[in-house]
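User: Hi! I'm new to this one and would like a quick tour. Could you walk me through it?

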Amino acid sequence: MKELVVNLNTGLHGDLEVPGDKSISHRSVILSSISEGTSHVHHFLASDDCISTINAFREMGVQIDLDGDELTVTGVGLHGLKEPQTKLDMGNSGTTTRLLSGLLSAQNFTTNLIGDDSLSKRPMKRVSEPLSMMGARIETTDGHLPMTINPGHIKAVKYELPIASAQVKSAIILAALNADADSVVIEPQVTRNHTETMLNQFGKDVIERDGNQIIVHHNPKLTAQDFNVPGDISSAAFFMVAATLVPNSHIVLKNVGINATRTGILDVLIKMGANVKLLNQTNSSEPTADIEVTYTPDLKPIDVTEESIPLMIDELPLVALLASRANGHSHITGAEELRFKETDRIQTVVLELQKLSIQITELSDGFSIDGSKDWRVANSSLDSHGDHRIGMTLAVAALLVDTSVQLDGEDAISISYPQFFDHLKRLCS
Ligand code: S3P
């Protein structure tokens with residue numbers, strides 16, 4: 001149980017470099033492992049989720065050295081992974097599980113995947129079904145972990161994703177690398193494209209994009225790389241929202257990834273009238289910027305609908321928090337995918353924000369929120385429910401209340417941001 005900082009009228013101040021992007025860090029381990037040569041990854045996110053990915057590849061014979069946020073991976077090539085001697089423990093990580101299920105479907109050995117209680121409740125049919133169409137031989141436990149992946153011969157596929165999910169898209173792409181011909185994946189809405197971007201860094205024209213179709217060239221030559229992971233916009237978002245909402249704040253978040261498939265939170269902040277500026281933008285394949293945020297006393301309400309949900313899927317608890325402080329009524333709809341995250345985030349957000357007397361109602365696919373600055377602590381025992389992003393959202397909410405509040409389940413925050421409380425303290429002092 002952690003006592004949270006409350007009533008921070010002095011504001012957040014200073015510069016901060018947030019840790020590396022989680023999605024990009026996972027993919028850097030995966031693609032370095034299956035390429036030829038030694039890769040060096042700088043500003044790697046050494047959080048619990050990414051360590052689950054590292055451990056899985058170590059079990060399959062890949063030498064991986066992690067020193068702070070510097071990662072060195074001695075790749076074994078596309079066909080060089082070895083049969084692990086133990087079950088592969090995915091921990092809490094949906095990304096590790098879903099991306100690896102694609103890659104492992106094409107191996108000539110069997111793997112067993114297990115995970116923690118939360119991960120074992122999350123749906124895996126969304127990957128096992130399309131992968132089975134490609135020739136994978138996957139046994140799930142009623143559509144969940146534990147899962148056994150038997151050796152399979154992967155056939156090329158043309159597959160239209162029924163849900164907008166970068167994890168499912170990436171699972172199919174990783175399986176398709178080992179297919180007998182080129183494959184096509186069709187996205188209903190654009191989702192984060194880090195797998196495609198990074199594959200084209202490790203190999204030449206592995207992925208081509210034609211409208212909403214992603215063409216995956218099979219059996220590519222992948223060569224080791226040296227690259228920097230940008231700061232995680234999903235981690236920076238907690239401080240962007242805190243600085244927008246807490247009086248007297250002014251911060252600069254340095255070197256944050258602003259890939260257009262991830263910047264929905266910036267669009268929301270700007271539409272609500274927040275004082276946000278992008279400085280020092282770079283134009284690399286994973287573009288970055290410094291993000292300057294200043295306290296904004298009056299925020300407009302917002303309507304977020306289905307098309308833009310994938311661009312801010314992990315930031316929706318924060319969007320709900322922003323709306324809870326706005327002048328008027330906001331709606332977030334088309335977000336039923338939130339029910340399948342580390343917790344049912346529609347339920348956990350509503351349950352926890354109502355403890356602060358926030359007028360938020362659960363919809364089947366999102367939230368309806370009446371904004372107000374008149375928050376009152378009705379129940380001071382806040383709970384992350386074991387969900388890192390819920391825990392950090394509540395720590396930001398606590399900055400805006402007058403009476404002491406505690407957070408249960410704060411340990412979960414190390415899933416994506418082990419230094420979160422240190423960084424919050426630094427900006428608050
Ligand atoms: C991720 C994709 C998203 C996101 C998750 C990370 C990824 O999940 O919520 O935190 O790295 O591909 P879905 O693609 O399942 O929506």
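User: Where does the ligand sit?
Analyst: The ligand sits in the largest pocket. A pocket here is an open set of points on a 1 Å grid over the protein atoms alone, with protein on both sides within 12 Å along at least five of seven lines. A molecule sits in it if more than half of its atoms lie within 2 Å of its grid points.

User: Before we go on, what should I know about the model?
Analyst: It is a predicted model: local features need pLDDT of at least 70, side-chain atom pairs count only at pLDDT 80 or more, and totals for chains, interfaces and linings use all residues. Residues are numbered from 1 along each chain as its sequence is written, and side-chain values use heavy atoms, with hydrogens and water left out.

User: Thanks! Which residues are around the ligand?
Analyst: They are Ser23, Arg27, Thr95, Ser165, Ala166, Gln167, Arg192, Ile313, Asp314 and Lys341.

User: Why does the ligand lie between two domains?
Analyst: Because domain 1 (2-20 + 231-428) and domain 2 (22-217) both give residues to the shell around the ligand. Those bounds come from an automatic or database domain assignment.

User: New topic: where's the cis peptide bond?
Analyst: The cis bond joins Leu145 and Pro146, with omega at about -5 degrees. Pro146 belongs to strand 9 (residues 144-150); strands are DSSP runs of E, at least two residues, numbered from the N terminus.

User: And what is the phi of Asp142?
Analyst: Asp142 has a positive phi of about 55 degrees, although it is not a glycine. Asp142 is in the loop between strand 8 (137-141) and strand 9.

Methods. A residue is near a molecule or strand if one of its heavy atoms lies within 4 Å of it. On a 1 Å grid over the protein atoms alone, a cavity is a set of points where a 1.4 Å probe fits but cannot get out, and a pocket is an open set with protein on both sides within 12 Å along at least five of seven lines; lining residues have an atom within 4 Å of a point. Helices (H or I, at least four residues) and strands (E, at least two) are DSSP runs, numbered from the N terminus.
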